[in-house]
Amino acid sequence: MSFSWAKPYEPTTPFMKWLDERLPLPRLVYGATGPGYPVPRNLNAWWNFGVLSAIFLGIQIVTGIVLAMHYYATGDGAFNSVNQLIMRDVNGGWFLRYAHMNGASFFFIVVYIHIFRGLFYGSYKAPRELVWMLGLVIYLLMMATAFMGYVLPWGQMSYWGAQVITGFFSAFPVVGDPIRIWLLGGYAPDQAALTRFFSLHYLLPFVIAGVVILHIWALHIPGSGNPTGVDVKSEKDTLPFHPFYTAKDGWFAAFFLLLYALVTFFVPNYLGHPDNYIPANPLATPAHIVPEWYFWPFYAILRSFTLDFILPAKLWGVLAMFSSILLLFFLPWLDKSPVRSGSYRPIFKRFFWLLVLDVLILGFVGGAPISPFRTALGQIAAAYYFLHFLVILPLIVKYETPLPLPDSISSSVLHGEAAEAAPAGQTTKRRGSSAVAVAR
Amino acid sequence: MGSILAFPAAVLAYFARMGWVRSIALFVGGGFAFVLLYSMVGNAWTYFDSPPAPQAAEEFHKEHKHLALKSDGPFGKFDKAQLQRGLQVYTEVCSACHSLKLVSFRDLKDLGYNEAEIKAYAGSGKQWKIEVPSINPETGEATTRKALPSDNFPGPFPNETAARAANNNALPPDLSLITKSREGGAAYVYSLLTGYQNQPAELLKKFPDAKTPANLHYNPYFANLNLAMPPPLSTDGQVTYADGTKASVDQMAKDVSAFLVWTAEPNLERRHAAGFWVTIFLLFASVLAYLAYRQVWHDAKRQVVVTGALDPANQAKTRKAKAKAGVAG
């Protein structure tokens with residue numbers, strides 16, 4: 001799709017030729033994830049997480065569809081359909097449910113690593129701005145889907161989480177309350193909210209899948225980035241996606257699924273909250289209402305605004321929380337450094353790791369019960385979050401001298417021996433090993 | 001006039017140089033940071049000006065005790081004899097107030113009972129005494145009948161109001177999921193059952209207002225220290241175990257906690273067994289896939305011995321020398 005040396009699709013059987021002339025679906029797949037997509041040859045392990053997140057989206061959709069067959073979206077039936085029918089009576093229901101529950105967590109783990117990889121290697125920079133923004137759209141849709149999915153078991157945290165999160169809207173003056181009531185279909189989460197959340201929770205993953213296709217499409221126009229941030233210059237810089245990256249993604253996916261299986265089978269409730277095994281009770285507020293772990297940093301930002309300042313504290317919190325995600329859409333225009341990769345940006349690199357630490361601190365503060373010390377810590381961390389993206393990133397470029405970039409991707413990988421490097425597809429013999437066909 | 005406008009003009013000129021996106025960003029980022037700082041200073045002021053009063057529940061609350069069960073860990077399996085004893089404690093003690101709604105009698109086969117034993121347990125009226133709500137087939141009037149293996153455990157109260165009325169307005173929670181719905185799980189249940197004590201004199205000295213009210217019972221493992229449930233297991237030998245185990249309070253508390261792990265997670269053994277094989281499979285698959293990856297990449301990823309200026313060791317030397325000389329890069 002993107003480079004002149006990309007291998008065109010050649011149907012090998014009469015049937016594939018027949019099909020290709022009528023519906024070139026195999027051609028599309030071949031060019032997108034097959035040998036027809038040239039990828040920089042120097043991708044490191046952090047580049048595995050895009051494919052991994054697609055795998056987790058698939059796992060969520062498959063387990064979710066089966067779970068929906070056994071789930072009752074009613075105030076009276078939801079809790080028992082999950083905790084009795086699915087967990088006890090449906091054959092393998094416990095596995096589906098734990099796989100889906102922890103699948104959501106692992107989906108967020110891989111997506112967070114994917115996002116931070118993008119932040120470090122400047123994947124948001126030209127010409128990949130739209131790839132980045134579509135990715136953020138996916139992330140926002142994921143958050144909405146995950147939130148609504150957490151409401152479905154209708155436990156205490158489901159109920160009170162829905163109460164708190166829809167309560168964000170009531171922070172806005174005048175329009176806030178009507179919006180909240182419209183969203184919930186009532187004054188508090190109830191049957192109307194539960195049914196619509198179930199409907200949307202079923203719909204949104206397919207919307208995500210659609211945006212994922214746009215995300216990949218937009219990526220394949222300039223082609224994948226790489227750890228040096230240097231553009232692909234020649235065929236020597238790339239390898240065909242298949243078999244090279246299918247093999248690399250393949251082994252990494254198997255390894256990551258192992259971690260996922262360990263959690264799912266041995267500590268399935270570790271990432272959840274015990275209160276969600278108590279049936280929803282509008283009359284009993286839990287001592288600490290916390291969302292799922294993947295929302296903790298944002299929850300910390302929300303709770304950090306404790307005093308009114310011109311606007312009510314709650315409104316500040318809600319504005320800041322929304323801004324903390326929306327500001328990421330402007331990243332391509334905030335960070336103007338022409339160097340993409342953080343590896344060659346000495347000052348940026350330090351601030352990047354500070355940001356990672358900062359988000360971890362925000363996560364810790366957001367998940368823990370409120371205390372004066374933790375609130376102060378959260379306020380510093382929240383302030384740094386905004387300063388990092390809105391003040392430091394735009395200014396770094398003025399004070400930073402980037403390290404010299406390699407001439408090309410192949411020279412960064414193959415060092416002094418680029419001239420001798422065999423282009424992909426050629427057979428070489430070395431170190432006494434027998435000849436190995438590279439790309440066939 | 002000119003002097004008044006000089007500052008805004010300078011700011012505008014600066015913004016124009018920065019570009020509008022980054023100008024707004026600077027403003028928004030600085031704004032949020034300022035309001036956060038304002039909140040922090042305000043909080044600190046309040047905190048030091050009028051420090052929050054210490055709370056009895058914060059100071060005297062205890063973390064749950066340690067409890068080791070056979071079902072713990074990745075290879076954990078239930079101790080069926082213990083679960084049977086736990087069921088006996090539940091039947092003879094807990095079921096007076098607590099329901100077990102999500103568990104059905106037929107599930108008891110997991111504990112090692114056969115069908116005849118389950119039928120006798122549920123319906124003979126000797127072990128399980130609570131009957132199941134039903135309808136008289138002739139008159140249609142509400143009545144009760146003996147429990148069948150296909151029934152779920154019937155609760156002691158017909159509804160929440162009746163439960164509260166019988167318990168000083170406190171609602172005894174359903175126990176089906178209790179070990180999953182409390183921080184600490186079985187260890188918490190065990191700590192609570194064995195944790196009743198007299199209110200420490202130290203507490204009353206420090207917090208004279210925090211005296212445990214009548215009808216409540218002091219228990220440092222309970223979040224707010226005062227629990228409505230009277231000590232359910234108070235004397236050794238309260239239950240006469242069918243298997244002859246000595247029924248100390250500690251033993252009964254352990255057994256019923258283990259039983260409640262089973263009620264909350266009846267598929268635990270199946271999960272552990274499936275997890276074992278899935279782990280073996282995925283380990284094998286990862287190793288195989290890794291070897292395939294190495295094979296595919298064998299010639300693409302050339303392990304070149306780097307020499308000269310590009311040798312990482314020499315590059316490090318260069319960086320060091322540059323840093324020493326104060327040269328950028």
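Two residues are in contact if their C-beta atoms, placed from the backbone, lie within 7 Å. In this predicted model, that rule identifies what lies over the buried residues of helix H3 of chain A: the cover includes helix H4 (78–89), helix H5 (93–120), helix H9 (191–220) and helix H10 (241–266) of chain A.

The buried residues of H3(A) are Phe49(A), Gly50(A), Leu52(A), Ser53(A), Phe56(A), Leu57(A), Gln60(A), Gly64(A) and Leu67(A). They are on the same side of H3(A), because they cover an arc of only 150° around the axis. An α-helix has 3.6 residues a turn, so residues three or four places apart point the same way. The length of H3(A) can also be checked: its 20 residues (49–68), at 1.5 Å a residue, should span 28 Å, and the end C-alpha atoms are 28 Å apart, so the two values agree.

## Domains of chain A

The domain assignment divides chain A into domain 1 (47–224 + 242–289) and domain 2 (295–404). Taken over C-alpha atoms, the centres of domain 1 of chain A and domain 2 of chain A are separated by 23 Å. The two domains touch: 17 residues of domain 1 of chain A are in contact with 14 residues of domain 2 of chain A. On the domain 1 side, the elements that give two or more residues are H5 and helix H6 (129–151) of chain A. H6(A) gives the largest share of that side, 5 residues.

Trp353(A) is in helix H14 (residues 346–367) of chain A. Trp353(A) counts as exposed because 11 other C-beta atoms lie within 10 Å, and a residue with 12 or fewer is exposed.

## Prolines in chain A

Two cis peptide bonds in chain A involve a proline. One joins Ala126(A) and Pro127(A), with omega about 5°; Pro127(A) is in the loop between H5 and H6 of chain A. The other joins His242(A) and Pro243(A), with omega about 10°; Pro243(A) is found in helix H10 of chain A.

Pro274(A) lies in the loop between H10 and helix H11 (296–304) of chain A. Pro274(A) is buried because 21 other C-beta atoms lie within 10 Å, and the cut-off for a buried residue is 20 or more. Pro274(A) and Met157(A) are 117 residues apart in sequence, and their C-alpha atoms are 8.8 Å apart in space. Neighbours within four places in sequence aside, Pro274(A) is in contact with Lys180(B), Ser181(B), Arg182(B) and Glu183(B).

## Where the chains meet

The contact between the chains takes 63 residues from chain A and 54 residues from chain B. On the side of chain A that touches chain B, the elements that give two or more residues are H4, H5, H10, helix H12 (313–326), helix H13 (331–334) and helix H15 (372–399) of chain A. The largest share of that side, 14 residues, comes from H10(A).

## Overall form of chain B

Chain B has 11 helices and 4 strands. Its radius of gyration is 34 Å, whereas a compact globule of 329 residues would have one near 20 Å. Along the principal axes, the C-alpha atoms of chain B fill a box of roughly 95 × 70 × 50 Å. Of the 329 residues of chain B, 27% count as buried.

Chain B is divided into domain 1 (2–52) and domain 2 (59–103 + 152–266). The C-alpha centres of domain 1 of chain B and domain 2 of chain B lie 55 Å apart.

## Local features of chain B

Strand E1 (residues 132–135) and strand E2 (residues 142–145) of chain B pair in the antiparallel sense over 4 bridges. Within this pairing, Ser134(B) has Thr143(B) in E2(B) as its bridge partner. E1(B) and E2(B) form a hairpin with 6 residues between them, and Gly140(B) in the turn has a positive phi of about 80°.

Asn168(B) lies in the loop between helix H6 (160–166) and helix H7 (185–194) of chain B. Leu225(B) is in the loop between strand E3 (217–218) and strand E4 (226–227) of chain B. Which of the two is buried and which is exposed? Asn168(B) is exposed, with 11 other C-beta atoms within 10 Å, whereas Leu225(B) is buried, with 23 other C-beta atoms within 10 Å.

Conventions: Residues are numbered from 1 along each chain as its sequence is written. Chains are lettered from A and ligands numbered from 1 in the order in which they are written. This is a predicted model: local features need pLDDT of at least 70, side-chain atom pairs count only at pLDDT 80 or more; totals for chains, interfaces and linings use all residues. The radius of gyration is taken over C-alpha atoms; the globule rule is 2.2 Å times the number of residues to the power 0.38. The expected span of a helix is 1.5 Å times one less than its number of residues. The arc is that of the directions from the helix axis to the C-beta atoms. Domain bounds come from an automatic or database domain assignment. Two strands pair if DSSP finds at least two bridges between them.
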